[in-house]
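Reader: Hey, could you walk me through this model? I'd like the overall layout, then a few residues.

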Amino acid sequence: MRRRTGPARPRHRGRTADHRPGPAPLQPRPTTPPHPARPRLHLPGCTAPAAWARAHHVRHWVDGGATDVANAALLCQRHHTTVHRRRLWATVSATPDQHGRYVVWDLTDGSYDRALAALPPPVPPTRPLAPPHAA
Ligand SMILES: [Zn+2]
């Protein structure tokens, strides 16, 4: 194990009241819920940090779901597994609802299959036309 030698160096420098460089004031770690502007994961009750998020295809890729933010929800690995195991569907909106949610989950088991059955079939991706062959 490597040990640190010498005096500890401050990680961040701030400014003193007269604007000379000095150590940043110590601030207690936040114990309150995250600020509303901080990204949060998209499943109610999930407390995992946003940095742990993985993008979930709401309409699964194998079912024709696009890899697009309009079809994505951020989930931690544990809840990603839960969403797939319980086959849950979510509605993704570009603007938040009255509760500030961009993703609203239907938490009844099998909601994914019911929603998928009601959707039109996916549009297959188009390929650019090949250039005409020279004669
Ligand atoms: Zn989670």
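Reader: To start, how many helices and strands does the protein chain have?
Author: The protein chain has 2 helices and 6 strands. Helices (H or I, at least four residues) and strands (E, at least two) are DSSP runs, numbered from the N terminus. From the N terminus on, the order of elements is β-β-β-β-α-β-β-α.

Reader: And what should I know about the model itself?
Author: This is a predicted model, where local features need pLDDT of at least 70, side-chain atom pairs count only at pLDDT 80 or more, and totals for chains, interfaces and linings use all residues. Residues are numbered from 1 along each chain as its sequence is written.

Reader: What's the mean pLDDT of the chain?
Author: The mean is 76, and 65% of the residues reach 70 or more. pLDDT is the predictor's confidence in each residue, from 0 to 100. Over residues 9–20 the pLDDT is below 50, and this stretch has 15 contacts in the model beyond near neighbours in sequence. A contact means that two C-beta atoms, placed from the backbone, lie within 7 Å. Residues 22–39 also stay under 50, with 16 contacts beyond four places in sequence.

Reader: OK. What share of the chain is buried?
Author: Buried residues make up 15% of the 135 residues. A residue is buried if 20 or more other C-beta atoms lie within 10 Å of its own, exposed if 12 or fewer, and partly exposed in between, with C-beta atoms placed from the backbone.

Reader: Which residues touch the most other members of the largest nonpolar core?
Author: That core has 14 residues, and V58, A73, L75, L88, W89 and A90 touch the most other members. Strand 4 (72–75) and strand 5 (89–92) each supply at least two of its residues, and strand 4 gives the most, with 4 residues. A nonpolar core here is a set of buried Ala, Val, Leu, Ile, Met, Phe, Trp, Tyr and Cys residues joined through C-beta atoms within 7 Å. In soluble globular proteins, nonpolar side chains tend to be buried together.

Reader: Which way do the residues of strand 4 point?
Author: A72 and L74 point one way, A73 and L75 the other way, and all are buried. Strand 4 also pairs with strand 3 in the antiparallel sense, over 4 bridges; strands count as paired if DSSP finds at least two bridges between them. In that pairing, H57 stands opposite A72.

Reader: Switching to arginines. Where is R54, and what does R54 touch?
Author: R54 is in strand 3 (residues 54–57). Beyond four places in sequence, R54 touches L75, Q77 and H80. R54 and H80 are 26 residues apart in sequence, and their C-alpha atoms are 7.8 Å apart.

Reader: Why does R54 count as partly exposed?
Author: Because R54 has 13 C-beta neighbours inside 10 Å.

Reader: And R85, buried or exposed?
Author: R85 counts as exposed because it has 9 C-beta neighbours inside 10 Å. R85 lies in helix 1 (residues 77–86). The C-alpha atoms of R85 and G110 are separated by 9.2 Å, with the two residues 25 apart along the chain.

Reader: What's the phi of R87?
Author: R87 has a positive phi of about 55 degrees although it is not a glycine. Most residues other than glycine have a negative phi. R87 is in the loop between helix 1 and strand 5, and it counts as partly exposed, with 16 C-beta neighbours inside 10 Å.

Reader: Which residues does Y112 touch?
Author: Y112 touches R87, L88 and W89, not counting residues up to four places away in sequence. Y112 is in helix 2 (residues 111–118).

Reader: Why is Y112 called buried?
Author: Because Y112 has 20 other C-beta atoms within 10 Å.

Reader: Last one: where is T47?
Author: T47 is in the loop between strand 2 (21–23) and strand 3. T47 is exposed, with 9 other C-beta atoms within 10 Å. T47 and C76 are 29 residues apart in sequence and 9.1 Å apart in space, C-alpha to C-alpha.
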